[in-house]
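Trainee: I am new to this structure and would like to see how its terms are applied. Could we go through them one by one?

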Amino acid sequence: MSAISITKKEVDTKNKTKSTKKQNSTKKESEVILRLPAEQRYKEELEFLHTKDNYPKPKNWFLSPHMLKIFIVGSNKEDKLGRNIEKKFFGNTNLVERAIVTLSSDRGLLLIGDPGTGKSWLAELLAAGISRNSTLVVQGTAATTEDQIKYSWNIASVIARGQSRETLIPSPIMQSMEFGKLGRFEELTRCTSDVQDSLISILSEKYISIPELDDDNIVYAKEGFNVVATANSRDKGVNELSSALKRRFNFVTIPIVKDSETEKKIITFRIQDLMKKKGLTSKIPTSLLDILLETFSELRIANSATRSDSVKLESALSTAEQISILEDAILQTIFFKGKGSEEALAQSLIGGLTRRLPEDLAMINKFWHSVIQNNSKKSPKWNSFYSEGQKTMKSFQ
Amino acid sequence: MTAIESSCDNLTERLVSLSLSDLLAEIIGEQNSDQNKILATVIDDIDEVKKEIIEIIPVAHHSLASAIHTRKRLLENKPKIIFLEAPEDYEHLIPNLKHCILPVAFQGILTESKNIDIKFLPIISTSVLSEASAEFQAIKYASEHKDTEIVFVDATCNHRTKWYSELIPKEQDLLRIKEISSHTVDLKIGELYPSSEEFLNSLLEKSGMNHFSEWWLEIVENTLLDLSFENYQQIMILIGSVFRRLGNRQEVEILTAKRDEYMWNKIRETLLRTKINPSEAVFICGASHAIKIIDGWGTKGKKSKNKSFANSKWKYGINQSDFLSIDKQFNHLPGITGEVDARWEAIKKEMYKEKPGDYNQLLRKYDIVQHNQLIRWAMNIVKKARSKGYLTSPADSIAIVKITYLLKEIRGRANISKYDLIEAAVTCLEKDDPHLPKIEDLVENIIILNKQGRVGYHALPPLAQDVLNRLSGLKVPRDYKRVKRVLFNLAQQPEYREISNLLWLLKALNVRVVSIVGQKKLGYHENQESWDIYIYKEQNTLLSLAHEGITVEEVFRKRVLKKVDEKSTIIDILTCIRDVLTYLPSDDISLMYLSESLIGRTRDLRFENPLDVYNLTSELLNYFRTLKTGIPHWFKEFIVSAYRSYCQELTSAIDDNSFSTENIATMFSFIFKVESVALSQGATREELEISFKMINNLDLPIGKKAVVLAAESLLNSEKEFELKKVVATTFWNPYMIQSLSDLLTGLIFSTNFAPNILSIIIELLDQCFRLLKEDLLHQWMPQLINTFSELKTEYIAKIANDLKRYYKGFANEISKMSLWYDDDYYTQMIQTRGQTAIQKVDEIIAEKLEEEISTNYISKFITKYNQTLQQFSKFLDLPIDVPSVSSAEYSNSIDTLLRNHPKVIEQIKEMMNIDTSFVERSEAKTINKQTKSNSCPTTDEGKENPIISIIKKYDETQKEVIKLGGL
């Protein structure tokens, strides 16, 4: 998920006017913008829920926890809303509830799990529902500095006018503090530990001081401020959080979806969404989805059975990977007529999962000639998938 | 809008809070007509119940709402008769309930049946009662109101067991087979649980709950609390109807239908008999039984007769239970029953009034009380997490409490749920560290309420009462609930002997009494005993015996006698006899039965383990010999019979390769042990002698041969000499050296019956260490050590002591250095001259000695012998002080010393107390020779021996001498 960072200008007090203009031009923009943030995409739904919201809510929250839950996990009849709110996050509802209540407490929320389990998506939905702004994001990398978490300076302006609040560039976190919004911190563990620790004082004291200034040098967090961070449990570049920082977060672990029915729903939902954005109306063949799900399920079993890391696939075999592989396959069949969907899927799958040569290729080869070959003997729908896979693997060699 | 649609809408209104209408839509599809059909059926079910003359109170097991509504309804209507869904064979246990503290379980035990395979017996049928249950409230109401009768109408344990076992062949259901084979048939009164997994999963998914009990508590229970009885009844019927019609597996439905028929037959019969008006009757049953499925349902239903099965004998009683067991039995989450009970306790006083007031207020107060409890729990969780490695602090307790409340709000719960607390703890404390234990596991132990029930003295079965009465000497109050530790000094407190005997008997029956000090053996009386008695705390352990008899002695006797049948071996019977004599010494009848069982079995004695036969017989024989009455006649008869049998079987046993040397030796041990008794009863040695004659014709392995000869030596002293010959032959023949171990083993086994063999063993070992060449000895040493290590400790202990005594003689044997021989020369000698060389060996070596300087031999021998000595001393754990220098150096230094001062040899020998009489003859010549050219000074200084003066003069010499002499 790529972050879209917004400069101070756009959240100026004149923002309201601009946002109004922005609202009017949303329809036009949506034809241009590649990916709308959740609060834009589900704007109408959010407003609808807001009008129906009679539940108690924390200060500065757009939706109450109850409505926010409905926004994320979908509605049912007993909610008595009069319309259906579609499910956006396919996971355990308890997990979502724990995440929501954590954000209404004074601790931050850290969503942790394997890659591709929907952590960033959930964070985005939470921010959209709480603050109507999911774009106050800091992207954690090994090069992230403390400036990007707190504030930095517009050098040219500083030279011209000296240091002041006008020449200060607030970070997304500072902005969320100032306006009582939910700040997001993606891939927290990719930052070095000393940079991570700058969050400690923010989460404890709930202010940032600006020592360079004499006046107006403290930015206090308004009610409604909190931080939702995400971290990969699998990442090789991980910097462990200090115990002081851990204490200030509640951890919610997002597990890999193991239930095939749920996984099917997720993939269908996402693919349909992606197709819709591209203006394509192609339906996902059920057999294709079944082949994909079954292959991944068996790959996961085979992967977990191997003891040595060097023999395991580098890929996390997450639901997100399945979505991208399937999307790739469907687009191939649409844009390159004549190619069968199973063949495209085989190509896409092997291309997507082979990241290390020759280790990953060896593993997939072994898997292909045992499991997939077996499946193709049992059912003809696997035949073209199997043979195309063999060809693709040969091309790697 | 049709009537059905209209009533469906009304129903939907009522159902909407339960999400049942949604659930129905999910299960049966989106088509309205089907949904309406189901709803219409449900409405019919409600109507049927309304039409029925008897008032039906549908309940769920261990449900607070059911308990409250049942109590209230009974107080309102004051029925004359209550029909309760409970097995009718438990009814007679009701009066005992007043002596109990709940939860307890009505229990039926089946020990004999013509219909059920014995391998499944005993079958135990359990029905648990807790105070916060509709069933108990009905029983309590009837006990408080004398003009109200209570009748249990459900099928008996017998019926249920029979119906279960009938279902097995049809369904091949492993669960059912397991249920029967685990000997427990759970009778869940008022069970309301969908047996269809698909239905259950759908139910939970729609409601967002993780567990059925959570669904019941949150969705149903809290709603039911605030309703009127009519609404309560309707909702329960709705649930019962949906679960029964849509949520049950087929075999469960078959069983439920049979039970429905049984219950309504019983109800009709009872009404006819008592002539009570049905309008004055109440039927309390699980909600699924309130549904009209069968034709026989209702007072006006189709009549049939309940069959009775007379082929099984059940025994009934009340047993201890606890909340966690109830949770397990009813598939609850752990802690649910405890939670329900806690809430009942909060309103109990109000509910037990004739006109209960507002209990909701009390429940709200309980919620407030829960807040303090929640804080305590949070603190305990944080404390426990810290002890397990989590870096927690009081801030985490605050966070846990806060998050728990927030979860309660977001989930729309009326009260805090333990599951909210668990999830809050997980959220606040777990930090993705795989090395630490899971918070969920830590929390469960803290927050789950459990209570153990208690069966009062007067409700105990006769056996338990008898035991408690006999233990009254320990001055333990009857309501004692803890583990009792007792200490006896039976020499000073003989009055505790009876209690001690009882405790040993209980221990033998696997009742939970733990002996810390003391032991029980036949004919042996311990003076000091210490016990931990758990039966006051864990009543189950004693109650489990109750169905077997009236007293523990009866139970023990039955169990012992049960072990004896046509297929029992002599060992089995002797073991039973020993057990009876140990624990029930005055039980002559059992002894008589067991003794009669011994008759005629000795013909198969050979196929039984001789060691066990020998040990048991010895134990019994030794015991009987201590009695004034002496050996009983039947035992004498057994001995004679066994003696004859062994004597006859000796030859075939010895010839059988599968029969080990030890077994043979044990047979002989048995024969000689009991011989005196056998001979006094008319047996003769003839058979034994005949056996020996036959054995002598066999070609036996060396070990068995040794055993046989050892046995024969008891009858014929010449055989001892023959044995010695065998030993010598084996020893001196280098091709037989490897069988020395077998020989030695056989000899050692023989010491059991022939103690005279010990001297032969000592001699053999002595010779081995003295005479065997080092390399041979080293080759043989591991085998020897293995042999010793494989022997039982009693054998080793026996010979080790003697070996130690004989060790001292080893030093003396050094003197026979003339027997130190040259390897090749000796081997050649043996080969050429055979055994006759043994006799001439001394002469030959003496000749050799004349040829060479004796010092060489002495020094060589001493050094080489030291190494051997070291090994042997280590094995026997005997102290030998040997120098640590290398043998070569040591040998050289001694050699030099002795060469320079040959007279020192004599002095050394004197100091070591060596008998050198043999050597002196030859050495004398050598020494004489040397003396002539000796530069050793002689002195006439006083009377001091010149050698001594030399020793004093030369410090170095002195040191060596001291070392040699071990001084």
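Mentor: Start with pairing: two strands pair if DSSP finds at least two bridges between them. Strands (E, at least two residues) and helices (H or I, at least four) are DSSP runs, numbered from the N terminus. This is a predicted model, in which local features need pLDDT of at least 70 and side-chain atom pairs count only at pLDDT 80 or more, while totals for chains, interfaces and linings use all residues. Residues are numbered from 1 along each chain as its sequence is written, chains are lettered from A in the order in which they are written, and side-chain values use heavy atoms, leaving out hydrogens and water.

Trainee: What makes β5 and β8 of chain A a pair?

Mentor: DSSP must find at least two bridges, and β5 (182–186) and β8 (226–232) of chain A have four, in the parallel sense. One bridge partner in β8(A) is Ala229(A), facing Phe185(A).

Trainee: In what order do the five strands of the open sheet in chain A run?

Mentor: The order is β2-β5-β8-β1-β9, with parallel pairing. At the edges are β2 (137–139) and β9 (249–254) of chain A, each of which pairs on one side only.

Trainee: Why is Thr167(A) called buried?

Mentor: Buried means under 20% relative accessible area, exposed over 50%, and partly exposed in between (1.4 Å probe, protein chains only). Thr167(A) has 1% relative accessibility, so Thr167(A) counts as buried. Thr167(A) is found in the loop between α9 (155–161) and β4 (168–170) of chain A.

Trainee: How do you know that the side chain of Thr167(A) makes a polar contact with Ser164(A)?

Mentor: A polar contact is a pair of N or O atoms within 3.5 Å; within protein, one must be able to donate a hydrogen and the other to accept it, and residues adjacent in sequence count only if both atoms are side-chain atoms. A polar atom of the Thr167(A) side chain lies 2.9 Å from the backbone nitrogen of Ser164(A).

Trainee: Why is Ile573(B) called buried?

Mentor: Its relative accessible area is 0%, so Ile573(B) is buried. Ile573(B) lies in helix α22 (570–583) of chain B.

Trainee: Which residues does Ile573(B) contact, leaving aside neighbours within four places in sequence?

Mentor: Contact means heavy atoms within 4.5 Å. Among the residues in contact with Ile573(B) are Val564(B), Leu594(B) and Arg601(B). Arg601(B) is 28 residues away from Ile573(B) in sequence, and their C-alpha atoms are 10.0 Å apart.
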